[in-house]
Amino acid sequence: MPRSTLIDTLCAVPDPMLRIAPGGQIDEANTAAEAMLGEWIRQRSFVTVLRQPVLISQIEAAFRDAKPGTTRFTKTDQAGETVYRVQVTPLSAGEDGVLLHFADVSHFQEAEEMRRDFVANVSHELRSPLTALMGFIETLRGPARDDAEARDRFLSIMEDQALRMNRLVGDLLSLSRVEAEERIRPSQDVDLRDLLDGVIAALDQTAREQDSPVNIEAAPGDYRLRGDTDQLTQVFMNLTENALKYGGAGRPVTLRLSDGEGKGALRGPVVQVEVIDRGDGIDPLHLPRLTERFYRVDSHRSREMGGTGLGLAIVKHIVNRHRGRLRISSELGKGSTFAVILPRG
Ligand SMILES: Nc1ncnc2c1ncn2[C@@H]1O[C@H](COP(=O)(O)OP(=O)(O)OP(=O)(O)O)[C@@H](O)[C@H]1O
Ligand SMILES: [Mg+2]
């Protein structure tokens, strides 16, 4: 292939590509390769430029045995670490050099890491109630066999643990369902005002028990939108439950409804619901990670209260499905506001 044609072809590829001549110097590099490694690389030895032993030995093998292969190359700069899968291909059995193609696989790597973390988290969350259950079964078979009082007490703890596992599995199923539907646009007509009344009614008993009234503040307005009734109920149940749980006993919770145009980077008519508590607030440090699965500010307290740490992750997915936004603001000692902004159309 004439020189101009080869370099033109390489430059048309968005991934970094370069050719190493039989003498070991880099004689062709496309724009992406220069952007990745620097413009100085031309005519330099590949050993000087690439430096990573695994890749270097792969290239040497390609020259020696005329065999193609793949390997990894990691580049670290201010922006962080980028991982590439490098395809090493000898041209005309190495006589015309060796061609390298770099594909950025960082996002696959990240997804893989997230999947591993998720599995580890789920296993960990399931293991503790399960361990407790097995322990009590053992005790009931042995030492507490004939102790009616202990048996009742243990059974009620076992029930709590089983319920916790049940909640966790329920939340996991809910999360995967919401994720699966994330690209399907919701199509029901929902009146948020009515929906919030329903949420308040459902949580009435909890609110009474801890003496935290849940009030609704709504200026006259139009609160109808296109959405999924069950999912939006789940969003505001979760947020109001959190406000009650973490807001503290005796402190009221407010659901403030408003409508308007173009809030929170959304264009067009929107409806906003703010769930406001007067609790201890959340350290700003935690805010960016709050909607991650299993992320809890105080994991002991949250578990104690029966939380799975999946509530806000579910909320985020549902809000995304509705093409809305979730904004969290909080002040230590004063309380937190979780604002959901939903487009009406
Ligand atoms: N209103 C709030 N005030 C203070 N902290 C909060 C508030 N809402 C959520 N958090 C913190 O965010 C964490 C994550 O909340 P999330 O709703 O996802 O999980 P959870 O409440 O622990 O469990 P679940 O909702 O699944 O029962 C909570 O554990 C808590 O630490
Ligand atoms: Mg919650």
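Ala, Val, Leu, Ile, Met, Phe, Trp, Tyr, Cys and Pro count here as nonpolar, Asp, Glu, Lys and Arg as charged, and the others, Gly among them, as polar. Keep these classes in mind while touring this predicted model.

**Stop 1: the largest pocket**

Select Glu-241, Asn-242, Lys-245, Tyr-246 and Ser-302. Of the 40 residues lining the largest pocket, these are the closest to its centre. The space there comes to about 930 Å³.

Next, colour the elements around it. Helix H6 (148-180), helix H9 (229-247), helix H10 (299-304), helix H11 (311-321) and strand S12 (335-343) each give two or more residues to the lining. Which element gives the most to the lining of the largest pocket? H9 does, with 10 residues.

Now colour the lining by class: 15 residues are nonpolar, 15 are polar and 10 are charged.

Then show domain 2 (107-181) and domain 3 (185-345). Both give residues to the lining of the largest pocket, so this pocket lies between them.

**Stop 2: the second largest pocket**

Select Met-114, Phe-118, Asn-121, Glu-292 and Arg-293. They are the closest to the centre of the second largest pocket, among the 14 residues that line it. Its volume is about 360 Å³.

Select helix H5 (106-141) and H11, each of which supplies at least two lining residues here. H5 has the largest share, 4 residues.

Colour this lining by class as well: it divides into 5 nonpolar, 3 polar and 6 charged residues.

Where does the second largest pocket lie? Domain 2 and domain 3 both contribute to its lining, so it lies between them.

Note on methods
Residues are numbered from 1 along each chain as its sequence is written. Chains are lettered from A and ligands numbered from 1 in the order in which they are written. This is a predicted model: local features need pLDDT of at least 70, side-chain atom pairs count only at pLDDT 80 or more; totals for chains, interfaces and linings use all residues. Side-chain values use heavy atoms; hydrogens and water are left out. On a 1 Å grid over the protein atoms alone, a cavity is a set of points where a 1.4 Å probe fits but cannot get out, and a pocket is an open set with protein on both sides within 12 Å along at least five of seven lines; lining residues have an atom within 4 Å of a point. Grid points are joined across faces, edges and corners, and a volume is the space filled by probe spheres set on the points. Domain bounds come from an automatic or database domain assignment.
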